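The exercises below are to be worked with the sequence and the coordinates at hand. Each task is followed by a solution that goes step by step.

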Amino acid sequence: MAQTDNPEASGPWERAFAEARAAAARGEAPIGACLVRDGEILASAGNRTIEDRDPTAHAEMLAIRDAARRLGDERLIGCDLYVTLEPCAMCAGAISFARIRRLYFAAGDEKGGAVENGPRFFSQPTCHHRPEIYGGIRASEAAEMLRDFFKARR
């Protein structure tokens, strides 16, 4: 079974969590993403909204941009995205426009999520592409990382 067919695959998850830890070390919200196709990691990133002074520099957006540049195509057909937190509406829109095949995410986000929470972007009739969605994988690990990060900031 290829990595992309196994939601528990360690490679993409380890990379996404490493990106989240690196983001936290830079003072960013500890969220990481890893984009994979045919078992190969194409791109990964952690949040950089503060560092880049860019409100769109979410981990998912950065990984999607990097993979699209690398492949020379705005359509990431056959690609799977692993994210440590449920994507927001902006990132869900980018996932749809990029035609990502599968979305795996760890912790749900009741406040800012847009996949299983909030607007449920992929369930809207205006959504042009709906990836397969697998949420809650390694959720407690991701949630603990987020809680610890924000607790230390209070």
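**Exercise 1.** State how many salt bridges the structure holds, and describe the one that Arg138 forms with Glu14.

*Solution.* The model is predicted, and the structure holds eight salt bridges. Placing the partners in the chain, one finds Arg138 in the loop between strand 5 and helix 4 and Glu14 in helix 1, so that the pair, 124 residues apart, links distant parts of the chain.

**Exercise 2.** Work out the order of the strands in the sheet and identify the edge strands.

*Solution.* Five strands make up an open sheet with mixed pairing, and their order is 2-1-3-4-5. Strand 2 (40–46) and strand 5 (132–135) each pair on one side only and are the edge strands, while the twist from one strand to the next averages 15°. Within the sheet, strand 3 (residues 79–85) and strand 4 (residues 102–107) run parallel and are joined by five bridges; Val83 stands opposite Phe105 in strand 4.

**Exercise 3.** Determine which strands helix 1 and helix 4 lie across.

*Solution.* Helix 1 (residues 10–25) lies across strand 1 (32–37), strand 2, strand 3 and strand 4, and runs at about 150° to strand 1. Helix 4 (residues 139–153) lies across strand 3 and strand 4, running at about 55° to strand 4.

**Exercise 4.** Characterise the largest pocket by its volume and its lining.

*Solution.* The largest pocket holds about 230 Å³ of space, and its lining residues include Ile31, His58, Glu60, Cys88, Cys91 and Lys111. Sorted by class, the lining has four nonpolar, four polar and four charged residues.

Technical notes:
Residues numbered from 1 in each chain as written. Predicted model: local features only at pLDDT ≥ 70, side-chain atom pairs only at ≥ 80, totals over all residues. Heavy atoms only, no water. 1 Å grid on protein atoms, 1.4 Å probe; cavity = no way out; pocket = protein on both sides within 12 Å on 5 of 7 lines; lining within 4 Å. Points joined across faces, edges and corners; volume = space filled by probe spheres on them. Nonpolar A, V, L, I, M, F, W, Y, C, P; charged D, E, K, R; others polar. Pairing = 2+ DSSP bridges. Helix = DSSP H or I, 4+ residues; strand = E, 2+ residues; numbered from the N terminus. Axes fitted to C-alpha atoms, helices over the stretch in contact; angles between N-to-C directions. Contact = heavy atoms within 4.5 Å. Salt bridge = Lys/Arg side-chain N within 4 Å of Asp/Glu carboxyl O.
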